[in-house]
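Please look over the structure shown here before reading on.

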Amino acid sequence: MVREGTCLLLVKIFYVLDMANANQANINYSNKIILAPMVRMNTLPFRLLALDYGADLVYSEELVDHKLVKTERKVNDLLNTIDFVDPLDGSVVFRTCPREKNKIILQIGTADPERALEAAKKVEHDVAAIDINMGCPKQFSLTGGMGAALLSTPDIACNILTTLISNLSIPVSCKIRVFHNEADTIALCKRLEACGIIAIGVHGRTKAERPRHRNRIEMIRTLTQHLKIPVIAK
């Protein structure tokens, strides 16, 4: 269920089963249009543009924990933004503003629970939620044990999620890719759900597949019948 415009790629909620959990965390996923995380795209201007064109929630681009933990939080009075700046070169690693505070979900690339928590703590009071990327198939992520590599290390994936959930005041979600085997996908999703995540994003392709391959919408539909949390179909 993807809607494409001239410049926006938006994903919409595929199915919501447990609205009580979603509302409790102050994020209502029911019938929402969500800007998917896209590398080198989802900076603040693009996210605000997406909100202007009807997005209800917006993801940041993936930010690697190593980079985020080094930043310093600075209030930018000129732009009315909150900037997380690398003190070594002055570059802005992440920028947000009051307008998107209750709508922005920051996605982190990580393979380490403690470093993920340190990164999340940096932005905890400036974003609506934290999402852990468990779906990126790029070699950089896989080599570092991040992204789709976490699909093969579920103990680490669950440790990351439970560490964040136990120590943050904001909700935590994650995004995955599917396995070829539907039963394996269901089993992983149920294990991630048991960690206490508020929602799960599902890309209906495997780690090895690319956009030219078919997206398994029917598998995502099946997941909604086995989980009690919102399922976001990408």
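The model is predicted. Its largest nonpolar core has 58 residues, and a second, separate core has 11 residues. Helices H4 and H6 are in contact with each other, and Leu-164 takes part in that contact as well as being listed among the residues with the most contacts inside the largest core.

**Nonpolar cores**

- Within the largest nonpolar core, which has 58 residues, the ones with the most contacts inside it are Ile-130, Ile-132, Leu-164, Leu-192 and Ile-200.
- Leaving aside residues up to four places away in sequence, Leu-164 touches Ala-116, Leu-117, Ala-120, Ile-130, Ile-132 and Val-172.
- The second core is separate and has 11 residues, among them Tyr-29, Ala-129, Ile-198 and Ala-199.

**Helices H4 and H6**

- Helix H4 covers residues 113-123 and helix H6 covers residues 154-167, and their axes come within 9 Å and cross at roughly 40°.
- Because of that angle, H4 is oblique to H6, and the crossing of these helices is right-handed.
- On the H4 side the contact is made by Pro-113, Glu-114, Ala-116, Leu-117, Ala-120 and Lys-121, while H6 contributes Asn-159, Ile-160, Thr-163, Leu-164 and Asn-167.
- Sorted by class, the contact of H4 with H6 has six nonpolar, three polar and two charged residues.

**Helix H2 and what covers it**

- In helix H2, which runs over residues 44-52, the buried residues are Leu-44, Phe-46, Arg-47, Leu-48, Ala-50 and Leu-51.
- The cover over these buried residues of H2 includes the strands E3, E4 (57-59), E7, E8 (92-96) and E9 (104-109).
- Just after H2 comes Gly-54, which takes a positive phi of about 115°.

**Positive phi outside glycine**

- Asn-31 has a phi near 55°, a positive value in a residue other than glycine, and Asn-31 lies in the loop between helix H1 (19-24) and strand E3 (33-35).
- Asn-31 counts as exposed because its relative accessibility is 55%, and exposed means over 50%.
- Asn-80 likewise is not a glycine and has a positive phi of about 55°, with its place in the loop between strand E6 (72-76) and strand E7 (81-85).
- The relative accessibility of Asn-80 is 52%, so Asn-80 also counts as exposed.

How values were computed:
Residues are numbered from 1 along each chain as its sequence is written. This is a predicted model: local features need pLDDT of at least 70, side-chain atom pairs count only at pLDDT 80 or more; totals for chains, interfaces and linings use all residues. Side-chain values use heavy atoms; hydrogens and water are left out. A nonpolar core is a set of buried Ala, Val, Leu, Ile, Met, Phe, Trp, Tyr and Cys residues joined through side-chain atoms within 4.5 Å. Buried means under 20% relative accessible area, exposed over 50%, partly exposed in between (1.4 Å probe, protein chains only). Contact means heavy atoms within 4.5 Å. Axes are lines fitted to C-alpha atoms, for helices over the stretch in contact, and angles run from 0 to 180 degrees between N-to-C directions. Helices (H or I, at least four residues) and strands (E, at least two) are DSSP runs, numbered from the N terminus. Angles under 35 degrees count as roughly parallel, over 145 as roughly antiparallel, 65 to 115 as roughly perpendicular and the rest as oblique. A crossing is left-handed if the near helix is turned anticlockwise from the far one by less than a right angle, and right-handed if clockwise. Ala, Val, Leu, Ile, Met, Phe, Trp, Tyr, Cys and Pro count as nonpolar, Asp, Glu, Lys and Arg as charged, and the others, Gly among them, as polar.
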